[in-house]
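Subject: A structure for you to look through

Dear colleague,

I am passing on a structure that I would like you to open beside this message. Please keep it in view while you read, and go back to it whenever a residue is named.

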Amino acid sequence: MGETLAERVKGLRQALGWRQITLAHKSGIPQATISRIESGTIAQPKMGQLWKLANGFGITIDHLVGR
């Protein structure tokens, strides 16, 4: 079984040495929403949220979702 989106987001963030608030500033997504994505509470974020996260990380959505 592959890595979940929650694990991928948290892993990418930690690999960059960022706190959730840093990703929030870079992506324009509230820190509370990032926390819910990383915990799996939001298992399927909206496309706009995926786009903002990918932009915040400087990667494609495909990379973000593990394609």
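What follows is an account of what was found in it, from the whole chain down to single residues.

Please note that this is a predicted model, in which local features need pLDDT of at least 70 and side-chain atom pairs count only at pLDDT 80 or more, while totals for chains, interfaces and linings use all residues. Residues are numbered from 1 along each chain as its sequence is written, and side-chain values use heavy atoms, with hydrogens and water left out.

The chain as a whole

The chain has five helices and zero strands, where helices (H or I, at least four residues) and strands (E, at least two) are DSSP runs numbered from the N terminus. Read along the sequence, this gives the pattern α-α-α-α-α. The radius of gyration, which is taken over C-alpha atoms, can be set against a globule rule of 2.2 Å times the number of residues to the power 0.38. For 67 residues a compact globule would come near 11 Å, and the chain, at 10 Å, agrees with this. Along the principal axes, the C-alpha atoms fill a box of roughly 30 × 25 × 25 Å.

Of the 67 residues, 33% count as buried; here buried means under 20% relative accessible area, exposed means over 50%, and partly exposed lies in between (1.4 Å probe, protein chains only). The accessible surface comes to about 4300 Å², and 52% of it belongs to carbon and sulfur atoms; such areas come from the Shrake-Rupley method with a 1.4 Å probe, and for residues only the protein chains shown count as cover. If we take contact to mean heavy atoms within 4.5 Å, then residues 24 or more positions apart account for 51% of the contacts with a separation of 6 or more.

The core

Which residues touch the most other members of the largest nonpolar core? A nonpolar core is a set of buried Ala, Val, Leu, Ile, Met, Phe, Trp, Tyr and Cys residues joined through side-chain atoms within 4.5 Å. Among the 13 residues of the largest one, those with the most such partners are Leu5, Val9, Leu23, Ile34, Leu53, Phe57 and Leu64. Helices H1 (5-15), H2 (20-27), H3 (31-39) and H4 (47-57) each supply at least two residues of this core, and the largest share, four residues, comes from H4. If neighbours within four places in sequence are left aside, Leu53 is in contact with Val9, Leu23, Ser27, Ile29, Ile34, Ile37 and Leu64.

Helix H1 and Arg13

In H1, the buried residues are Leu5, Ala6, Arg8, Val9 and Arg13, and what covers them includes H2, H3, H4 and helix H5 (61-65). Is Arg13 buried or exposed? Arg13 counts as buried because its relative accessibility is 8%. Not counting residues up to four places away in sequence, Arg13 touches Trp18, Arg19, Gln20, Leu23, Glu38 and Phe57. Just after H1, Gly17 takes a positive phi of about 75°.

Residues in the other helices

In helix H2 you will find both His25 and Ile21. His25 is exposed, with a relative accessible area of 65%, whereas Ile21 is partly exposed, at 37%. His25 and Gly56 are 31 residues apart in sequence, and their C-alpha atoms are 8.2 Å apart in space. For Ile21 and Asp62, which are 41 residues apart along the chain, the C-alpha separation is 23 Å.

Thr33 lies in helix H3 and counts as buried, since its relative accessibility is 9%.

Ala54, in helix H4, is buried, with a relative accessible area of 2%. With neighbours within four places in sequence again left aside, its contacts are Ile59, Thr60, Ile61 and Leu64. Ala54 and Val65 are eleven residues apart along the chain, and 9.2 Å separates their C-alpha atoms.

With best wishes
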